[in-house]
Amino acid sequence: MSETEVTDRLTEVFDLVGPLYRRAQRKVEQDAPIEGLSVGVRAVLNLLREHGPMTVPQMGRAQALSRQFVQRMINDAAARELVEFAPNPAHKKSSLIRLTGRGLDAINAVIDRERAVLRQAGDGLTDAEVDACVRVLSHLVRFLDHVDVD
């Protein structure tokens, strides 16, 4: 493909990512009342589920979210006993945040429901198609990795 053709195709990708994200966010909001999770709380709980205890700045960097937003989500989750603060041996001021048993149960329930929906969404897609999609989106995320979110 020519440079112009690649640019046009990547524009198509960006044009699809926005509506996809907003629709997925809306779906989480519709389903999350079962656990009472907002999209933001769901995001930080899943990050902790996947990576273990993290600091607020680490979570912000990992998700390209501002530290202030992550802190609000963590405060909401902590008020509902979904996460807890733990001492951070590497940094006195920045506590480690970790899931509680209640938080793990809540995020696992959300992920299980999402996976059931995604099983349906994946009908008809090949491994090669999904691999190509992941490769392109990962490339674009890395390309924009330098963008400051704070």
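What covers the buried residues of H3? The cover includes helix H2 (39-51), helix H4 (67-79) and strand E2 (96-99), where helices (H or I, at least four residues) and strands (E, at least two) are DSSP runs, numbered from the N terminus. The model is a predicted one, in which local features need pLDDT of at least 70 and side-chain atom pairs count only at pLDDT 80 or more, while totals for chains, interfaces and linings use all residues. Residues are numbered from 1 along each chain as its sequence is written, and side-chain values use heavy atoms, with hydrogens and water left out.

**Helix H3 and its buried side**

- In helix H3, which spans residues 56-63, Val 56, Met 59 and Gly 60 are buried, a word that here stands for under 20% relative accessible area, with exposed meaning over 50% and partly exposed in between (1.4 Å probe, protein chains only).
- These three residues lie on the same side of H3, because they cover an arc of only 100° around the axis, the arc being that of the directions from the helix axis to the C-beta atoms.
- An α-helix has 3.6 residues a turn, so residues three or four places apart point the same way.

**The largest nonpolar core**

- A nonpolar core is a set of buried Ala, Val, Leu, Ile, Met, Phe, Trp, Tyr and Cys residues joined through side-chain atoms within 4.5 Å; the largest one here has 21 residues, of which Leu 45, Met 59, Ile 74 and Val 83 touch the most other members.
- Two or more residues of this core come from each of H2, H3, H4, E2 and helix H5 (101-121), and H2 gives the largest share, five residues.
- Leaving aside residues up to four places away in sequence, Val 83 has contacts (heavy atoms within 4.5 Å) with residues including Leu 45, Leu 48, Ile 74, Ile 97 and Leu 99.

**How H2 meets H4**

- The axes of H2 and H4 come within 9 Å and cross at roughly 90°, where axes are lines fitted to C-alpha atoms, for helices over the stretch in contact, and angles run from 0 to 180 degrees between N-to-C directions.
- The two helices H2 and H4 are therefore roughly perpendicular to each other, since angles of 65 to 115 degrees fall in that class, under 35 counting as roughly parallel, over 145 as roughly antiparallel and the rest as oblique.
- On the H2 side the contact is made by Gly 40, Val 41, Val 44 and Leu 45, and on the H4 side by Phe 69, Val 70, Met 73, Ile 74, Asp 76 and Ala 77.

**Residues in the loops**

- Thr 55, in the loop between H2 and H3, is buried, with a relative accessible area of 6%, and it touches Asn 88, Ser 94, Ser 95 and Leu 96, not counting residues up to four places away in sequence.
- Lys 92, in the loop between strand E1 (83-86) and E2, counts as exposed at 88% relative accessibility.
- Lys 92 and Thr 55 are 37 residues apart in sequence and 11 Å apart in space, C-alpha to C-alpha.
- Most residues other than glycine have a negative phi.
- Ala 64 has a positive phi of about 55° although it is not a glycine; this residue follows H3 and is partly exposed, with a relative accessible area of 48%.
- Glu 81, in the loop between H4 and E1, has a positive phi near 60° and counts as exposed at 51% relative accessibility.
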